Amino acid sequence: IYPRRYLDLIVNQDSKERFLLRSRIIEEIRKFLWSRSFVEVETPVLQSVPGGAAARPFETHMNALSCDFTLRIALELYLKRLLVGGFDRVFELGRIFRNEGVSRRHNPEFTMLELYQAYTDYRGMMELVKSMLLHICDTTLGSRKVNRYDGTEVDLDGGWTEVRYKEIVKERTDCPDWFELSKEEKLKKAAGMEIEIDEDLEDFEVTNQVFEKKIEPTLIQPTFVTHLPRELIPLAKIAPDDPSTIEVFELCINGQQIAPAYSEQNDPLLQREMFEAQAGGEIQKIDHEFLEALEHGMPPAGGMGIGIDRLVILLTGASNIRETILFPPIRPEGRE
């Protein structure tokens, strides 16, 4: 059905309805944000430095300028430049490209909503994302309860749980001293839980692999996981009550991350330090133009991203991300 989607749409009414619903979901996202005075903008797809996420980019070459570019892996850094320029509420619905694996939840090309609002923080983003999802449910589904592909009900009108990252990791691994263990001890415990982890990963990455592979799939009802390790997101503000963490949440629903959000780091000196730590000495990976923009002054702000394809999976009960993308990438016929 993927290479000949037109035939799928002709004979499969459920598939056709899913894509019509996807269009309505995007329409209601725009209406909701416009009602809150957000301005929709467009930012470059071709970028000289891929920033805003840790992902492998697609690479290309621009003949006119005789230089290499990458396709964007996030929308973040250009939208924040607009905060510096006085656009206090901005959003973009854009295509993102990450040259990585394909799975039931991942596609190398996908649609992302990113928004940034001045003079708020990650708590403000909590209110915004909950209100927006309820608005979408009311206007497109007529119900705040949705069914997963396996029949499990997700209740968006019920309790929205909040838990700190460290606490849920300790609880779900049944290891109260998890964060005091060495990397080798964590790898050993992960192996005991039948979780495959690359031994070359950093210590904090090992923990996050455990979270993503063992814990996240169990978070079916809406759950805000807050205060992630600061190494994971160098663009977020450091939490004052625990400097090893950041002011951030990951909203997990349906066993997957739906929306990460955080209080934006607007200190140019701290931002440079965190970029340099992430780059590991590879200076070309740092977006110096973005750091220069921060030096002119970015207001305190909250920011958030929502993967549209994953949101459509949730609201339509799809079992695979390819069911939500009209023309997903496939290997051309005749090629091995």
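User: A crossing is left-handed if the near helix is turned anticlockwise from the far one by less than a right angle, and right-handed if clockwise. Is the crossing of H3 and H9 left-handed or right-handed?

Analyst: Welcome! This is a predicted model, where local features need pLDDT of at least 70, side-chain atom pairs count only at pLDDT 80 or more, and totals for chains, interfaces and linings use all residues. Residues are numbered from 1 along each chain as its sequence is written, and side-chain values use heavy atoms, leaving out hydrogens and water. Helices (H or I, at least four residues) and strands (E, at least two) are DSSP runs, numbered from the N terminus, and the crossing of H3 and H9 is left-handed.

User: How are H3 and H9 oriented to each other?

Analyst: Axes are lines fitted to C-alpha atoms, for helices over the stretch in contact, with angles from 0 to 180 degrees between N-to-C directions. Those of helix H3 (residues 76–84) and helix H9 (residues 288–295) come within 9 Å and cross at roughly 20 degrees. Angles under 35 degrees count as roughly parallel, over 145 as roughly antiparallel, 65 to 115 as roughly perpendicular and the rest as oblique. H3 and H9 are therefore roughly parallel.

User: Which residues of H9 make the contact with H3?

Analyst: Contact means heavy atoms within 4.5 Å. H3 brings Leu-77, Lys-80, Arg-81 and Val-84. On the H9 side, the contact is made by Glu-289, Phe-290 and Ala-293.

User: Which are the edge strands of the open sheet of 8 strands?

Analyst: Two strands pair if DSSP finds at least two bridges between them. With mixed pairing, the order is E1-E5-E6-E13-E12-E11-E10-E9. The strands that pair on one side only are E1 (39–40) and E9 (161–164).

User: What is the bridge partner of Arg-164 in E10?

Analyst: E9 pairs with strand E10 (residues 223–226) in the parallel sense, over 4 bridges. In E10, the partner of Arg-164 is Thr-226.

User: How far apart are the end C-alpha atoms of H7?

Analyst: The expected span of a helix is 1.5 Å times one less than its number of residues. Helix H7 (residues 203–215) has 13 residues, so it should span 18 Å. In agreement with this, its end C-alpha atoms are apart by 17 Å.

User: What do the buried residues of H7 pack against?

Analyst: Buried means under 20% relative accessible area, exposed over 50%, partly exposed in between (1.4 Å probe, protein chains only). In H7, Val-206, Thr-207, Asn-208, Val-210, Phe-211 and Ile-215 are buried. The buried residues of H7 pack against H5, helix H6 (183–192), E10 and E11.
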